[in-house]
Amino acid sequence: MHFLTVLYSRAMGLLSRIMLKFISLSSPLIYSGAGSYATLCSAIARFGHKKVLVVTDKMLVELGLVGQVVAELEKQGIQTEIYDAVLPDPDFSQVENGIKHCLQHSCDAVLAIGGGSSLDAAKVIAICSGSDQTPRDILGYFSVSSRGFPIYCIPTTAGTGSEATMVSVITDAEARTKCFIVDPKLVPNAVALDPSLMTGLPPAITAATGMDALTHAIESSLSREASDDTQTKALTAVGMIFGNLETAVKDGSNLEAREAMAVASFYAGAAFTITNVGYVHGLAHQLGAICHLPHGLANALFLPHILEFYIDKAAPQMARIAKAAGVGSDSDSDAQRARALVDAVRQLEANIGIPQYADALKPEMVEELVDRALHESHGLYGYPVPKYMRRAECEEIVRRLLPA
């Protein structure tokens, strides 16, 4: 049965790879540096938009970050309408209400301000507001028939990489599952990577989102679909994250570290949107949905365990990642350097306050979590992982996260 599962996964993965070869993936226009949000606002005005729907969350409105951007848009002669009902792990009702808001106020573009939840929701709102499609119509791979309204992004966290990807994740609240929309039309038109909007991010969120970006970069580099281009982006992101995440967590006002993390997150997103991810995400998505953990934290909890699982089959690839991270020595064997990478990830997590266990995880949740994780990872499009996992191996890894 395990052999048939692996064979099926590989066949479906091949099908998705063939489809990707015939699809052109654009890259957003990028503005970077302190104050780049204002440059993006000027660009939006030059593109001729009259009224922009700003998709965000209430916290960013209260902090004044949204008002800062809205004031700049209005200075450029653009009317704005704010939709601030996005919550972590946005569900279909939040997205559908955003579409209604956009249409009721006759907006002609969408600007996302916030973390991955706001960006993911905004991308779907833009697609569906500017077309006759509903969010459920476009679930899965390559189901978007029309580009919809232009989408612009100002990420306020450095982690999800959604500003660079053709992916949105929407939660089905009733089924407690995360639904994926993957299509090149979801890639934003332009983004601003502005560290000045990230300086107030709390250390715990900086840490979790930074580990999300690191997971994207590492899983992209380990993917069987990696190319020279995606490897360059992924390994560059690894080096920048190892060099700057701890500083960003401990000194949130450090603009240099913040900008480096924002750029690294973008690079990691641009890499994994081509290569896909792996078991860390397959497990983290389920842990997040079942236990309501932030996605970046869930990734961080699983990352060292999955890397340890890969060592016997992916030591050369892991050694290359370790080198990019500045870990180990060129005189080490691949296996030694791969082990050093696992140790370095654990040390980084300890330094930035990532816990070792998931307090909300209960023994009775393990079986369902494993079922869902393997279904996602081995399903229709099967993640292109370097080593396939049996159910018993997956269950053992999940049990390591149970609180002592």
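Predicted model: local features only at pLDDT ≥ 70, side-chain atom pairs only at ≥ 80, totals over all residues.
Is Asp172 buried or exposed?

**Entry 1. Asp172 and its partner**

I found Asp172 buried, because its relative accessible area is 15% and the cut-off for burial is under 20%. Its side chain meets that of Arg136 in a salt bridge, at 3.7 Å from N to O. I noted Arg136 as partly exposed, with a relative accessible area of 45%.

**Entry 2. The sheet that holds S7**

I then looked up the sheet. It is open, with 3 strands in the order S5-S8-S7 and mixed pairing. Strand S5 (140-141) and strand S7 (167-172) are the edge strands, each pairing on one side only. I traced the pairing of S5 with strand S8 (residues 177-182), which is parallel and runs over 2 bridges. Gly140 is placed opposite Ile181 of S8.

**Entry 3. Helix H6**

I examined helix H6, which covers residues 116-129 and has 14 residues. From its first C-alpha to its last it reaches 20 Å, close to the 20 Å expected at 1.5 Å a residue. The helix is largely enclosed by the rest of the structure, because 13 of its 14 residues are buried.

**Entry 4. The nonpolar cores**

Which residues have the most contacts inside the largest nonpolar core? I recorded Met211, Leu287, Phe302 and Met318, within a core of 112 residues. Helix H11 (residues 295-325) gives the most to this core, namely 17 residues. Leaving aside neighbours within four places in sequence, I listed the contacts of Phe302 as Val280, Leu283, Ala284, Leu287, Ile397, Val398 and Leu401. A second, separate core has 24 residues, among them Tyr31, Tyr37, Leu65 and Ile113. As background, I noted that nonpolar side chains tend to be buried together in soluble globular proteins.

**Entry 5. Further salt bridges**

How many salt bridges does the structure hold? I recorded 16 salt bridges. In one of them, Asp330 joins Arg337, with the closest N and O atoms 2.7 Å apart. Asp330 is exposed at 60% relative accessibility, whereas Arg337 is buried with a relative accessible area of 9%.

I also looked up Glu395 and Arg399, whose closest N and O atoms are 3.3 Å apart in a salt bridge. Both lie in helix H14 (residues 391-399), 4 residues apart, which is about one turn of the helix. An α-helix has 3.6 residues a turn, so residues three or four places apart point the same way. Glu395 is partly exposed at 25% relative accessible area, and Arg399 is partly exposed at 40%.

**Entry 6. Lys250**

I located Lys250 in helix H8 (residues 228-250). Lys250 is exposed, with a relative accessible area of 56%. Its side chain makes a polar contact with that of Glu246 at 2.7 Å. The C-alpha atoms of Lys250 and Ile352 are separated by 7.8 Å, although these residues are 102 apart along the chain.

**Entry 7. Positive phi angles**

For Asn276 the angle is about 70°, and the residue lies in the loop between helix H9 (255-275) and helix H10 (279-291).

Terms used: Residues numbered from 1 in each chain as written. Heavy atoms only, no water. Expected span 1.5 Å × (residues − 1). Buried < 20%, exposed > 50% of the residue type's maximum accessible area, 1.4 Å probe, protein only. Polar contact = N/O pair within 3.5 Å; in protein donor to acceptor, adjacent residues only side chain to side chain. Core = buried A, V, L, I, M, F, W, Y, C linked by side-chain atoms within 4.5 Å. Contact = heavy atoms within 4.5 Å. Pairing = 2+ DSSP bridges. Salt bridge = Lys/Arg side-chain N within 4 Å of Asp/Glu carboxyl O.
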